[in-house]
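Have a look at the model below before you read on. My notes come after it, one topic at a time.

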Amino acid sequence: MVTNATPQKRPLRFKIGVGLLVLCALIYLGVLIVLFLPLTAAGKAATIGGMVVAAETCTLLGVAGIGKEAVQAIKARMGLKKRKRDRVDGQAPTTK
C-alpha cells in the first residue's frame, strides 16, 4: 500500500534560522581571513571581537528560529546526548 507522502513545508522562521546558522559558520571562517589582513594588532582584535559577537548572536537567533525539536534532533544525530545526573536532586554524590 503506497501513501501519498508530500514533503512537509517548513515555515519561514525555520528557513531563516537555518540561514543564520550557516551565516554563523561563515563568520567564524571569516575570522581566519582577518588574521592575514594588513591591519594593526588593535584593528585585528577589534574586528575579530566584533565578528565573534556577531557569530554568537546569529547562533542564538538561529537556534531560536529552528526550534527546540530541531536542535534536539541535530544533537542526537551528532551524538551529543544530555548528560545524566547521578542523583535525582541534581547534586553529585560525595566521594569516599
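The numbered points below go from the overall fold to single residues.

1. First, some ground rules: this is a predicted model, where local features need pLDDT of at least 70 and side-chain atom pairs count only at pLDDT 80 or more, while totals for chains, interfaces and linings use all residues. Residues are numbered from 1 along each chain as its sequence is written, and side-chain values use heavy atoms, with hydrogens and water left out.

2. What does the secondary structure come to? There are three helices and zero strands, and from the N terminus on the elements run α-α-α. Here helices (H or I, at least four residues) and strands (E, at least two) are DSSP runs, numbered from the N terminus.

3. Now the lengths. The expected span of a helix is 1.5 Å times one less than its number of residues. For α1, 23 residues should span 33 Å, and the end C-alpha atoms are 32 Å apart, which agrees. Helix α2 has 26 residues and reaches 37 Å from its first C-alpha to its last, close to the expected 38 Å. Just after α2, G67 takes a positive phi of about 95 degrees.

4. How much of the protein is buried? Buried residues make up 19% of the 96 residues; the word means under 20% relative accessible area, with exposed over 50% and partly exposed in between (1.4 Å probe, protein chains only). The protein exposes about 8400 Å², and carbon and sulfur atoms supply 65% of that. These areas come from the Shrake-Rupley method with a 1.4 Å probe, and for residues only the protein chains shown count as cover.

5. Which residues make up the largest nonpolar core? It has nine: L20, C24, I27, V31, V34, I48, M51, A55 and C58. A nonpolar core is a set of buried Ala, Val, Leu, Ile, Met, Phe, Trp, Tyr and Cys residues joined through side-chain atoms within 4.5 Å. The elements that give two or more residues to this core are α1 (12–34) and α2 (41–66), and α1 gives the most, with five.

6. Each of these helices has its own buried set. In α1, the buried residues include F14, G17 and G30, and the buried residues of α1 pack against α2 and α3 (68–78). In α2, G62, G65 and I66 are among the buried ones, and the buried residues of α2 pack against α1 and α3.

7. Contact means heavy atoms within 4.5 Å. Of the contacts with a separation of 6 or more, 64% are between residues 24 or more positions apart. Take M51: leaving aside neighbours within four places in sequence, M51 is in contact with I27, G30, V31 and V34.

8. Leaving aside neighbours within four places in sequence, G62 is in contact with G17, L20 and L21. G62 and F14 are 48 residues apart along the chain, yet their C-alpha atoms are separated by 8.3 Å.

9. I66 also lies in helix α2, and I66 is buried, with a relative accessible area of 8%. Beyond neighbours within four places in sequence, I66 is in contact with F14, G17, V18, L21, V71 and I74.

10. Last, the rings. R10 lies over the face of F14, at 4.6 Å from the ring centre. A charge sits over a ring if NZ of Lys or CZ of Arg is within 6 Å of the ring centre and within 35 degrees of the ring normal.
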